[in-house]
Structure formats: structure tokens, C-alpha cells
Amino acid sequence: MHLLLSGIVGSVAYGLAGPGSDTDRIGIFAAPTVAFHGLYPPRESVVTTDPDVTLHEARKWCRLALSGNPTATELAWLPEDCYETRTGFGERLVAIRAAFLSAPRVRDAYLGYASQQFRKLEARGDGTFSADVRRRTAKHARHLARLLHQGRKLYATGVLEIRLEDPQWFRTFGERVAAGELDAARTLLAEAEQDFARTRTPLPDRPDEATVERWLLDVRAAHLPR
């Protein structure tokens, strides 16, 4: 594989990392173009847990980003100090990152992932659980709040904020919910749904797939045998 773009994501990139936080990495690689013509196509993703690294083949990453997937999308919007690999194709991808965005997919993806976090919180009960479960509950609550914040800002401005301006607010919110204030999470989710409904967004109704296709075809051409 040929790594095109990679960087540190997750809590480190958001500014939410604590002493015990993992360092998560995500990247995009290009498989040899001829490999797609054989009996067994190349792997679409390579995932390791020690260290925590997720690598997506270029086409797989494009499809995820076009769908509005928050985890994939953030790779194209990282702060400069979070990038670890930036090839020419990686630079081009960052330059066309807006082409992957569309209003309905951003709204549905960020609200959808935040709703998943809320369902996990509902399943945890009233806060009377072990310290380990409480830590995980606070983490889910932070994720919920962060997804809603990022999604609303992206929908309203067309810009994805990775490094949070006030990370302490998210930590405090997580602790509140872990202590049993589930209604705080329910209210935040309801407010976000209302914001999405009334916000006039600069995002288009559909992503610019033609621009994405040109980038991907250039990647394929560059990875043919010489």
C-alpha cells in the first residue's frame, strides 16, 4: 500500500485528551491499481489496536466521506500539527475537502451518530454504577456533545472545527451526564435537531462527486505499473 494522508484524530485532535487517553490515528492509502483486476481485490481497510490505527483504501475513504461519516471526514480538516503524512495526493485531497460535503448527509450523519451515543447513555441507567462504567458514560456524553457541536457548526458555516475552543465545557458536560443528568444529554440532542431544522446552510444538496472522481482516477493512474 502507498500511504497518501494520515494523522492523529480523536481526543488528542479535539483537545479533550487526558492522562489515560489513547492516541488514535487514521489514514488513506492507495492499493496498486492492478490489484483490483485480480481474483481477490485488495483490503478496503486495515485496522490495528496496538497502536490504534485505521487505514482506509482511497475509494473506501471517499465513500465514507461522501456519506458524511464524521470520523472519516475529520482527516481532511485536521489542524496542521496533527498531520503525520501528507503526500501530493494528500494535499490535493485536503484542497478539495468541501467537495465531499452536502447538507442532508452532514445533518443525518452527525445527528445519527450523536443519537447512537445517546442510546448508549440511556442504557446505562441513573448513574449508580461502577467507576469504570461511569468513565465510559462520561466519554459517550462527551462524544455526543462534540458531534452535535461539530455537526451544527459544519452545517451552518461549511467549516469543520476539529480542535474545540472550550474543551473544558465538554469535560464538565460528560461528568454531569455520568453523574445521572441524562436529561442534559436529551435536551442537547433536541436543541441540535431544532438548530439543524432552522439553520440556513451554505452546503449544497449533493456533494461534488465529479471533483472527487477526478482525484480518485488520478490516484489510480499514478499507481499503475510503470
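**Rings that meet**

Modeller: Let's start with W169, F170 and F173, which ring pairs link into a cluster. Please keep in mind that this is a predicted model, where local features need pLDDT of at least 70, side-chain atom pairs count only at pLDDT 80 or more, and totals for chains, interfaces and linings use all residues. Residues are numbered from 1 along each chain as its sequence is written, and side-chain values use heavy atoms, with hydrogens and water left out.

Colleague: What makes two rings a pair?

Modeller: Rings of Phe, Tyr and Trp (its six-membered ring) pair if their centres lie within 6.5 Å; planes under 30 degrees apart are stacked, over 60 edge-to-face, and the rest tilted. The structure holds five aromatic pairs.

Colleague: Why is the pair of W61 and F100 called edge-to-face?

Modeller: Their ring centres are 5.1 Å apart and their planes stand at 75°, so the pair is edge-to-face. W61 lies in helix α2 (residues 58-66) and F100 in the loop between α4 (88-95) and α5 (103-122), so this pair ties together parts that are 39 residues apart in sequence. Both W61 and F100 are buried.

Colleague: What about F89 and W215?

Modeller: Here the ring centres are 6.5 Å apart and the planes at 85°, so this pair is edge-to-face. F89 belongs to helix α4 and W215 to helix α9 (residues 209-222), so parts that are 126 residues apart in sequence are tied together. Helices here are DSSP runs (H or I, at least four residues), as strands are (E, at least two), numbered from the N terminus.

Colleague: How do you know whether F89 is buried or exposed?

Modeller: The cut-offs are under 20% relative accessible area for buried, over 50% for exposed, and partly exposed in between (1.4 Å probe, protein chains only). F89 has 17% relative accessibility, so F89 counts as buried. W215, at 2%, therefore counts as buried.

**Charges and their partners**

Colleague: What makes you say that R97 lies over the face of W77?

Modeller: A charge sits over a ring if NZ of Lys or CZ of Arg is within 6 Å of the ring centre and within 35 degrees of the ring normal. R97 lies over the face of W77 at 3.9 Å from the ring centre. In a second case, R86 lies over the face of Y83, at 4.5 Å from the ring centre.

Colleague: Why is the contact of D81 with R163 called a salt bridge?

Modeller: Side chains of opposite charge can pair when their charged atoms come close. The label asks for a side-chain nitrogen of Lys or Arg within 4 Å of a carboxyl oxygen of Asp or Glu. A search of the whole structure finds 15 salt bridges. In the one between D81 and R163, the closest N and O atoms are 3.1 Å apart. D81 lies in the loop between α3 (70-73) and β5 (83-86), and R163 in the loop between α6 (131-157) and α7 (167-178), so the pair ties together parts that are 82 residues apart in sequence. D81 has 56% relative accessibility and so counts as exposed, while R163, at 34%, is partly exposed.

Colleague: Which residue does R92 meet in a salt bridge?

Modeller: R92 meets D218, at 2.8 Å from N to O. R92 lies in helix α4 and D218 in helix α9, so the pair ties together parts that are 126 residues apart in sequence. R92 has a relative accessible area of 37%, so R92 is partly exposed. D218, at 34% relative accessibility, counts as partly exposed. Elsewhere, salt bridges that share partners join E80, R86 and E91 into one network. E91 and R86 form one of these bridges, with the closest N and O atoms 2.8 Å apart.

**A serine in a strand**

Colleague: How do you know that S6 makes a polar contact with T85?

Modeller: Such a contact is a pair of N or O atoms within 3.5 Å; within protein, one must be able to donate a hydrogen and the other to accept it, and residues adjacent in sequence count only if both atoms are side-chain atoms. The side chains of S6 and T85 make theirs at 2.9 Å. S6 is found in strand β1 (residues 2-9). At a relative accessible area of 8%, S6 is therefore buried.
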